[in-house]
Amino acid sequence: MSIQWFPGHMAKARRQVTEKLKLVDIVFELVDARIPVSSRNPMIEEIIGQKPRLILINKADMADPVKTKEWIQYFADQGLPAVAINSDKGTGLQQIQKESMKILKDKWDRMKSRGIRPRAMRAMIVGIPNVGKSTLINRLAKKNIAQTGNRPGVTKAQQWIKAGKEMELLDTPGILWPKFEDQQVGYKLALTGAIKDTILNLQDIALYALRFLETYYPERLKERYQMDVIHEDAAELFNHIGKKRGCLMAGGEVDYDKTADLIVRDIRNTQFGPITFDLEALDDVEN
């Protein structure tokens with residue numbers, strides 16, 4: 001299955017981000033802790049250029065904490081400071097201001113040396129759809145200003161938002177890229193909710209999830225769906241899960257669509273515990 005999704009407003013958003021970049025001091029690149037590389041838009045490097053940047057690894061509670069620490073080190077090795085946060089619960093947010101000031105220290109020192117009074121730091125938040133940008137802004141601003149929603153494509157325009165006296169934030173719509181060179185990336189984005197379910201074949205996405213769990217978290221998969229062995233045949237696997245969880249049609253046949261929806265929702269609701277799906281790059285580093 002080939003997964004692509006690039007609505008027209010995203011192309012417009014890219015142009016707007018490029019135009020507004022000169023107005024900000026730093027860029028906060030928000031990524032999903034479950035897929036820290038797959039949720040990075042490769043166009044961001046080209047768009048941001050040399051602008052100071054802090055990577056915010058959001059939804060850290062949903063990812064394997066050991067792997068998240070490895071990802072922070074991975075980014076640090078590339079000269080990209082990163083912090084793990086949970087914008088829903090507000091954990092780790094105090095690190096954002098602290099790390100930003102470290103990154104911008106030379107700029108502030110130059111301004112002071114020229115007699116320029118310190119002002120609020122101006123930051124732009126960028127990231128793919130449904131990664132939690134608006135939720136983060138509302139947390140930092142301590143009020144519900146940015147529109148939020150548990151679906152991609154909620155933010156359609158840019159807006160400046162004050163986050164206390166020390167920070168001004170520029171929210172931007174989530175931007176995906178026109179073509180996923182690696183279809184594994186498309187599957188991971190779909191599985192974690194970055195792409196609208198209505199354009200997806202959820203059976204394919206669910207089967208991808210099951211095979212991933214079979215490889216990396218087999219005991220969690222067996223426990224969740226009460227299976228002694230993990231069937232190699234996809235139909236048998238769906239039949240087992242569908243029967244166990246009551247995803248049946250009239251006559252007792254397993255409803256594969258309902259079963260697929262259940263599996264995807266179980267992943268998104270962390271019913272298998274915290275999971276990191278991006279592991280290949282870490283494996284390459286370790287090897």
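**Helix packing and buried elements in a predicted model**

Glu214 touches Leu221, Ile230 and Glu232, leaving aside residues up to four places away in sequence (contact means heavy atoms within 4.5 Å). The structure is a predicted model, in which local features need pLDDT of at least 70 and side-chain atom pairs count only at pLDDT 80 or more, whereas totals for chains, interfaces and linings use all residues. Residues are numbered from 1 along each chain as its sequence is written, and side-chain values use heavy atoms, with hydrogens and water left out.

Glu214 belongs to helix 8 (helices are DSSP runs of H or I with at least four residues, strands are runs of E with at least two, and both are numbered from the N terminus). A polar contact of 3.0 Å joins the side chain of Glu214 to the side chain of Arg211 (a pair of N or O atoms within 3.5 Å; within protein, one must be able to donate a hydrogen and the other to accept it, and residues adjacent in sequence count only if both atoms are side-chain atoms).

Helix 8 (residues 202–216) packs against helix 7 (residues 183–191) at an angle of about 100°, and the axes are 10 Å apart (axes are lines fitted to C-alpha atoms, for helices over the stretch in contact, and angles run from 0 to 180 degrees between N-to-C directions). Helix 7 is therefore roughly perpendicular to helix 8 (angles of 65 to 115 degrees; under 35 is roughly parallel, over 145 roughly antiparallel and the rest oblique). Helix 7 contributes Gln184, Tyr187, Lys188, Ala190 and Leu191 to the contact, and helix 8 contributes Asp204, Ile205, Tyr208 and Ala209. Of the residues in this contact, six are nonpolar, one is polar and two are charged (Ala, Val, Leu, Ile, Met, Phe, Trp, Tyr, Cys and Pro count as nonpolar, Asp, Glu, Lys and Arg as charged, and the others, Gly among them, as polar).

Helix 6 (residues 133–141) is mostly covered, with seven of its nine residues buried (buried means under 20% relative accessible area, exposed over 50%, partly exposed in between, with a 1.4 Å probe and protein chains only). The buried residues of helix 6 include Leu136, Ile137 and Leu140. Just after helix 6, Lys142 has a positive phi of about 60°.

In strand 6 (residues 167–171), four of the five residues are buried, so the strand is largely enclosed by the rest of the structure. Strand 6 pairs with strand 4 (residues 121–126) in the parallel sense over four bridges (pairing requires at least two bridges found by DSSP). Met124 stands opposite Leu170 of strand 6.
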